[in-house]
Amino acid sequence: MRALVIDDSSAMRRLLGGMLADLGFEVTESEHGADALERLEAQGAPDLVLVDWNMPVMNGLDFVKAVRAQPKYDGMRLMMVTTETGAEEMTMALEAGADEYVMKPFTRDAITEKIRMLGL
């Protein structure tokens, strides 16, 4: 299975990428949503995308909306992994099309459980 980690923090990309690799995912990375959209066009849809909310160029919420506007990505699972902890933000992300929502800081077990809940 393939996964894409989108976060402007290289440390966070490495941390999440390592967790996903340990779970058997082939992992690629992007620094922001616009780069990730280009990667999707070039490489096709991965099984799972972990996306931060607050990033330059294109934030995570705009990325989720852009992806969900394209039916070819309907099967792709989207998980927000963010410091946005408010109920309003969580609701916005889920209504925009995110499948799951994880707040930073998180544990390996929390990420693993959310991935299992997505059926991956």
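Which residue with a positive phi follows α1? The legends below, drawn from a predicted model, include the answer.

**View 1. Overall fold of the predicted model.** Five helices and five strands make up the secondary structure of the protein, and their order along the sequence is β-α-β-α-β-α-β-α-β-α. The radius of gyration is 13 Å, close to the 14 Å that the globule rule gives for 120 residues, so the protein is as compact as a globular protein of that length. The C-alpha trace extends over about 30 × 30 × 25 Å along its principal axes.

**View 2. Helix α1 and the residue after it.** Helix α1 comprises the 13 residues 10–22; at 1.5 Å a residue these should span 18 Å, and the end C-alpha atoms are 18 Å apart, which agrees. The residue that follows α1 is Gly24, with a positive phi near 100°.

**View 3. The two sides of α1.** Met12, Arg13, Leu16, Gly17, Met19 and Leu20 are the buried residues of α1. Viewed down the helix axis, these buried residues fall within an arc of 160°, so they line one face of α1. An α-helix has 3.6 residues a turn, so residues three or four places apart point the same way. The exposed residues Arg14 and Asp22 are carried on the face turned away from the buried side.

**View 4. Cover over the buried residues of α1.** The elements covering these residues include the strands β1 (2–6), β2 (26–30), β3 (48–51) and β4 (77–82), together with helix α5 (108–117). In the protein as a whole, 43% of the 120 residues count as buried. Of the contacts between residues at least 6 apart in sequence, 60% join residues at least 24 apart.

Methods
Residues numbered from 1 in each chain as written. Predicted model: local features only at pLDDT ≥ 70, side-chain atom pairs only at ≥ 80, totals over all residues. Heavy atoms only, no water. Helix = DSSP H or I, 4+ residues; strand = E, 2+ residues; numbered from the N terminus. Expected span 1.5 Å × (residues − 1). Buried < 20%, exposed > 50% of the residue type's maximum accessible area, 1.4 Å probe, protein only. Arc of directions from axis to C-beta. Contact = heavy atoms within 4.5 Å. Rg over C-alpha atoms; globule rule 2.2 N^0.38 Å.
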